[in-house]
Amino acid sequence: SDYGYALGFRRDTFGTTSFDYGEPVFLGHHRYGFTDKFTGGLRLEASLKMASFGPWATFRLPVGEFELAAALSHDDGDTGGAGSVGYSFSGLLGSFGAQLRLMSNRYANTGLGAATDRPTVQAMLFAGFGLGRNISVNSTYAVSSYRDRGRLDTLTLQATTRLSKLASLALLAMRSSDEQGATTYAAFGTFSFVFDGGASVSVGYERR
């Protein structure tokens, strides 16, 4: 079994205001390995006016694994649905996979209101590999069709290196373009250090 249940209060202004909490929220998921080749699960997200619920299943294949998920939601009178299908493989030399996500125009969960813009269709490819024992490289390409914004293409490349037993450096570069012709470039860098007692410190830089 793999499960988690949480009950708390929504932070509506996260990142801008401290100690500003809204309505109570419940989050829960439970997965169970029925056999070595099949794992099934359920998830539930709920607040006073919203509920989002759905099953998902993972199947082990001769090479890699296959995952299916579905969800229904009700948000203050609006109903919606979502689903996804994906394949992934992880081996000694690297990993790769693909995923397709579908969302109705009014689907909702605790992080997405029914009125919020969202990708109604999203296709994603990802791959990763290691360069030696201390460097890993991951890339993701996603094509999304948003309800209000339209099409958005995003390419992300991330590299993480372990500088020592206690220090690491992560670098990320991203390029996104929409159907109106607007292109955005972004770069992120984060240095992290973990002390012997378990405390850690991180310093980051972002440029757009």
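## Local contacts in a predicted model

Gly 189 is located in strand 12 (residues 183–194); strands here are DSSP runs of E with at least two residues, numbered from the N terminus. The structure is a predicted model, in which local features need pLDDT of at least 70 and side-chain atom pairs count only at pLDDT 80 or more, while totals for chains, interfaces and linings use all residues. Residues are numbered from 1 along each chain as its sequence is written, and side-chain values use heavy atoms, with hydrogens and water left out.

### Surroundings of Gly 189

With a relative accessible area of 18%, Gly 189 is buried; buried means under 20% relative accessible area, exposed over 50%, and partly exposed in between (1.4 Å probe, protein chains only). Apart from neighbours within four places in sequence, Gly 189 is in contact with Ala 170, Leu 171, Val 203, Gly 204 and Tyr 205, where contact means heavy atoms within 4.5 Å. Ala 69 is 120 residues from Gly 189 in sequence, and their C-alpha atoms are 33 Å apart in space.

### Salt bridges

Side chains of opposite charge can pair when their charged atoms come close. A salt bridge is counted when a side-chain nitrogen of Lys or Arg lies within 4 Å of a carboxyl oxygen of Asp or Glu. By this rule there are six salt bridges, among them the following.

| Pair | N to O distance |
|---|---|
| Arg 10 and Glu 23 | 3.2 Å |
| Glu 45 and Arg 43 | 3.0 Å |
| Arg 106 and Asp 78 | 3.1 Å |

Arg 10 and Glu 23 both belong to the loop between strand 1 (2–9) and strand 2 (24–33), 13 residues apart. Arg 10 is partly exposed at 21% relative accessible area, and Glu 23 is partly exposed at 25%. In the second pair, Glu 45 is buried at 15% and Arg 43 is buried at 17%. Arg 106 lies in the loop between strand 7 (94–103) and strand 8 (119–131) and Asp 78 in strand 6 (residues 78–90), so this pair ties together parts 28 residues apart in sequence.

### Aromatic pairs

The whole structure contains seven aromatic pairs. Rings of Phe, Tyr and Trp (its six-membered ring) pair if their centres lie within 6.5 Å; planes under 30 degrees apart count as stacked, over 60 as edge-to-face and the rest as tilted. The ring centres of Tyr 32 and Phe 34 are 5.0 Å apart with planes at 75 degrees, so this pair is edge-to-face. Phe 34 also forms a stacked pair with Phe 38, at 5.5 Å centre to centre and 25 degrees between the planes. Phe 34 is exposed, with a relative accessible area of 53%. Tyr 32 is partly exposed at 42%, and Phe 38 is partly exposed at 29%. Together with Phe 59, the residues Tyr 32, Phe 34 and Phe 38 form one aromatic cluster.

How values were computed. Helix = DSSP H or I, 4+ residues; strand = E, 2+ residues; numbered from the N terminus.
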